[in-house]
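The sequence and the model are shown first.

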Amino acid sequence: MNYTKTLREFCIQNQGRLFDVQYEQTHRFSLIPYKTLLKILNRLEDEKIVSSITKGVYIVNSDQHIDIDNAIKEYYADHFSGMMIGRAMYNYYDIGDQDDDTIQIYTNKIVSNNKSINKYHLIKFNTFFYDEVVSLITALELIEKVGSIKDIDYIRYHEEKESGIKSYSDEIIKEIITHHPYKYSTITTLDELLNRYSIKNNLINIYKENYKNALQK
């Protein structure tokens, strides 16, 4: 296999797209040794086919204008890859009106636990972000972080929280808490709300089974 040719052809077909070296090497170019992949990307950068935007992350150049912010969101949050949380999420749902100098994203497209690109802080969350998962994570985030939401609109807050709670299933919560350690107080609050809405669940047992060692400390 001609590694350079393979990667060059990929870039030509994916102009304007981000290229996270660790993720792409693990999931798409596993036959290319990591150091070899870096050397090829350095060569392609010299040829102005790609440009480095931070350590280990490139943008594939294009004849068209590239919006880096959109490229970052598309790569790490769209297509079931992740979701924005924190202030960006509160603003999106009109729950709070806050500055979002730092945008937090849960994403399954990083290998390390955390990564920062410009104003974006990426947090590893290795799940498939289909609608029901996003809705329930939204509810969990709102429950856990309500105290940090400035200028909160409680009507919108409760609407989005209720919407997320109603997407609950034991299978979805197990998938979520397997990959992200929500506080036990958050889980007990969710349990109370599920019971209020008469939604059958095995939430507490699922949580304790996943985190029984932590709860025993």
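A residue is called buried when its relative accessible area is under 20%, exposed when this area is over 50%, and partly exposed in between, with a 1.4 Å probe and protein chains only. The model is predicted: local features need a pLDDT of at least 70, side-chain atom pairs count only at pLDDT 80 or more, and totals for chains, interfaces and linings use all residues. Residues are numbered from 1 along each chain as its sequence is written, and side-chain values use heavy atoms, with hydrogens and water left out.

**Overall description**

The chain contains 11 helices and seven strands; helices (H or I, at least four residues) and strands (E, at least two) are DSSP runs, numbered from the N terminus. Of its 217 residues, 43% count as buried. Along the principal axes, the C-alpha atoms fill a box of roughly 60 × 40 × 30 Å. Contact means heavy atoms within 4.5 Å. Among the contacts between residues at least 6 apart in sequence, 60% join residues at least 24 apart.

**Helix packing**

Axes are lines fitted to C-alpha atoms, for helices over the stretch in contact, and angles run from 0 to 180 degrees between N-to-C directions. Angles under 35 degrees count as roughly parallel, over 145 as roughly antiparallel, 65 to 115 as roughly perpendicular and the rest as oblique. A crossing is right-handed if the near helix is turned clockwise from the far one by less than a right angle, and left-handed if anticlockwise.

Helix H1 (residues 3-13) packs against helix H3 (residues 34-46) at an angle of about 60 degrees, and their axes lie 10 Å apart. The two helices are therefore oblique to each other, and H1 passes H3 in a right-handed crossing. On the H1 side the contact is made by Tyr 3, Thr 4, Leu 7, Arg 8 and Cys 11, and on the H3 side by Thr 36, Leu 37, Ile 40, Leu 41, Arg 43 and Leu 44. These residues divide into seven nonpolar, two polar and two charged. Here Ala, Val, Leu, Ile, Met, Phe, Trp, Tyr, Cys and Pro count as nonpolar, Asp, Glu, Lys and Arg as charged, and the others, Gly among them, as polar.

Helix H8 (residues 170-179) and helix H10 (residues 203-210) pack at about 30 degrees, with axes 10 Å apart. That angle makes H8 roughly parallel to H10. Their crossing is right-handed. H8 contributes Asp 170, Ile 173, Lys 174, Ile 177 and Thr 178 to the contact, while H10 contributes Leu 203, Ile 206, Tyr 207 and Asn 210. By class, this contact has five nonpolar, two polar and two charged residues.

**Strand pairing**

Two strands pair if DSSP finds at least two bridges between them. An open sheet of three strands has the order E1-E3-E2 with antiparallel pairing. Its edge strands, each pairing on one side only, are E1 (18-20) and E2 (50-54). Neighbouring strands of this sheet are turned by 30 degrees against each other on average, direction ignored. Helix H4 (residues 68-76) packs on the sheet and touches E1, E2 and E3, its direction making about 55 degrees with that of E1. The table lists strand pairs of the chain, each with one pair of opposite residues.

| Strand pair | Sense | Bridges | Opposite residues |
|---|---|---|---|
| E1 and E3 | antiparallel | three | Asp 20 and Val 57 |
| E5 and E7 | parallel | five | Ile 103 and Tyr 120 |
| E6 and E7 | antiparallel | four | Ile 117 and Tyr 120 |

E2 and E3 form a hairpin with two residues between them, and Gly 56 in the turn has a positive phi of about 85 degrees. E6 and E7 likewise form a hairpin with two residues between them; in that turn, Asn 118 has a positive phi of about 55 degrees.

**Positive phi in loops**

Most residues other than glycine have a negative phi. His 79 has a positive phi, near 60 degrees, and is found in the loop between H4 and strand E4 (82-85). His 79 is exposed, with a relative accessible area of 60%. Ser 198 also has a positive phi, of about 55 degrees, although it is not a glycine. Ser 198 is found in the loop between helix H9 (184-196) and H10 and is exposed, with a relative accessible area of 65%.
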